[in-house]
Amino acid sequence: MADRHAEIAVAGPAELGEGPTWDAGSETLLWVDILGRRVHRYDPRTGSNESLEVPQHVGAAKPRSQGGLVLNLAEGIALLDADGVGRNWLVYWAREGVRGNDAAVDPMGRLWAGTMRYDTANGGGWLARVEGDGAAKVVLDSVTISNGLGWSPDEKLMYYVDTPTGRLDVFDYDRDSGEIGNRRTVTEVDRGSPDGLCVDTAGCVWVALWDGWAVRRYTPDGRLDAEYELPVANPTAPCFGGPRFEDLYVTSARVGLSEQQLAAQPDAGSLFVLPGAGSGLPSAVFTG
């Protein structure tokens with residue numbers, strides 16, 4: 001539906017690339033390789049991609065207001081100092097066979113962190129809301145693969161994906177309390193499976209399609225508005241970045257692909273960018 005072509009920002013180092021987030025403070029893009037246990041920082045001005053190895057599988061890395069990063073790790077939520085060395089637990093919730101997955105920071109600076117079972121057993125994960133002081137509350141239980149999260153420009157709605165449902169859902173969201181309710185379906189995705197998401201200034205939702213070779217833009221009423229093809233089967237998450245938040249970055253994965261499939265898509269695991277794809281919202285910063 002759209003003829004804009006994706007460019008490779010960082011060529012294929014990731015087994016399971018995820019969680020792109022534009023760090024406005026440094027004008028760089030944070031993203032992770034979950035299974036590679038690496039946090040990446042890409043600078044589009046220089047083309048450099050620095051990486052930091054962490055001791056556990058890492059589902060997401062987000063900037064902190066006090067400097068450094070907050071990490072959604074296999075065993076809980078950790079704070080990483082600005083020097084990349086000091087690390088301490090903010091929330092420790094280790095559970096056998098469970099790891100952290102996608103996460104996002106809401107307009108008030110709270111971290112919403114999702115989990116899943118390694119065996120993807122139905123209902124084995126949860127979605128938690130974490131305050132800057134470490135107070136945590138499970139807001140959704142019996143989640144299978146907690147993925148995309150995002151908020152509407154007026155901060156009254158929260159979008160959410162539990163991938164195996166095949167749906168993009170939305171909740172009413174109270175900015176002050178962080179409470180959500182009135183869950184309903186925006187759309188059922190009919191190509192691949194919905195994964196990560198982001199929201200643009202028009203309130204439209206961009207969704208990466210695992211096993212779908214594309215990223216889609218849906219209007220708030222669930223209408224498919226645009227579709228951008230990618231050269232890889234498994235895009236995982238989109239994020240707007242750049243000085244004016246006009247460039248769409250998309251992570252991807254190579255895990256689970258056969259040698260034959262990898263030969264057909266050698267760029268699997270790369271970080272892609274669609275320059276000038278739209279107008280995105282700035283990423284919020286965790287208050288911890």
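**Labels and their cut-offs**

User: Why is arginine 223 called partly exposed?

Analyst: The relative accessible area of arginine 223 is 47%. Buried means under 20% and exposed over 50%, with partly exposed in between (1.4 Å probe, protein chains only), so arginine 223 is partly exposed. These are values from a predicted model, where local features need pLDDT of at least 70 and side-chain atom pairs pLDDT 80 or more, while totals for chains, interfaces and linings use all residues. Residues are numbered from 1 along each chain as its sequence is written, and side-chain values use heavy atoms, without hydrogens and water.

User: What makes the link between aspartate 225 and arginine 223 a salt bridge?

Analyst: The closest N and O atoms of aspartate 225 and arginine 223 are 3.5 Å apart. A salt bridge is a side-chain nitrogen of Lys or Arg within 4 Å of a carboxyl oxygen of Asp or Glu, so this pair counts. Aspartate 225, at 29% relative accessibility, is also partly exposed.

User: How many salt bridges are there, and which residues are linked in a network?

Analyst: The structure holds 23 salt bridges. Asp106, Arg110, Arg129, Glu131, Lys137 and Glu179 are linked in a network of them. Within that group, the side chains of aspartate 106 and arginine 110 meet at 2.9 Å, N to O. Aspartate 106 has a relative accessible area of 0% and is therefore buried; arginine 110 is buried as well, at 5%.

User: How do you know that the pair of aspartate 23 and arginine 41 links distant parts of the chain?

Analyst: The two side chains form a salt bridge of 2.9 Å, N to O. Aspartate 23 belongs to strand β2 and arginine 41 to strand β4 (residues 38-43), and the two are 18 residues apart. Strands (E, at least two residues) and helices (H or I, at least four) are DSSP runs, numbered from the N terminus.

User: Why is aspartate 33 said to have no salt bridge?

Analyst: Aspartate 33 is buried, and arginine 38, the nearest side chain of opposite charge, is 6.7 Å away. For charge, Lys and Arg count as positive and Asp and Glu as negative, while His and the chain ends are not counted. Aspartate 33 lies in strand β3 (residues 28-33).

User: What lies 2.9 Å from a polar atom of the side chain of aspartate 33?

Analyst: The backbone nitrogen of leucine 16 does. A polar contact is a pair of N or O atoms within 3.5 Å; within protein, one must be able to donate a hydrogen and the other to accept it, and residues adjacent in sequence count only if both atoms are side-chain atoms. Aspartate 33 also touches other residues beyond four places in sequence, including Gly17, His40 and Val58; contact means heavy atoms within 4.5 Å.

User: What makes glycine 17 buried?

Analyst: Glycine 17 has 0% relative accessibility, so it counts as buried. Glycine 17 lies in strand β2, and its contacts beyond four places in sequence include Trp31, Asp33, Thr236 and Ser252. Its C-alpha atom is 6.1 Å from that of glycine 269, 252 residues apart along the chain.

User: Where is serine 252 found, and which backbone oxygen does its side chain reach?

Analyst: Serine 252 sits in strand β23 (residues 247-252). Its side chain reaches the backbone oxygen of serine 270 at 2.7 Å. Serine 252 is buried because its relative accessibility is 0%.

User: Is proline 153 buried or partly exposed?

Analyst: Proline 153 is partly exposed, because its relative accessibility is 38%. Proline 153 occupies the loop between β14 and β15 (157-162). Beyond four places in sequence, proline 153 is in contact with Val199, Asp200, Thr201, Gly203 and Leu281.
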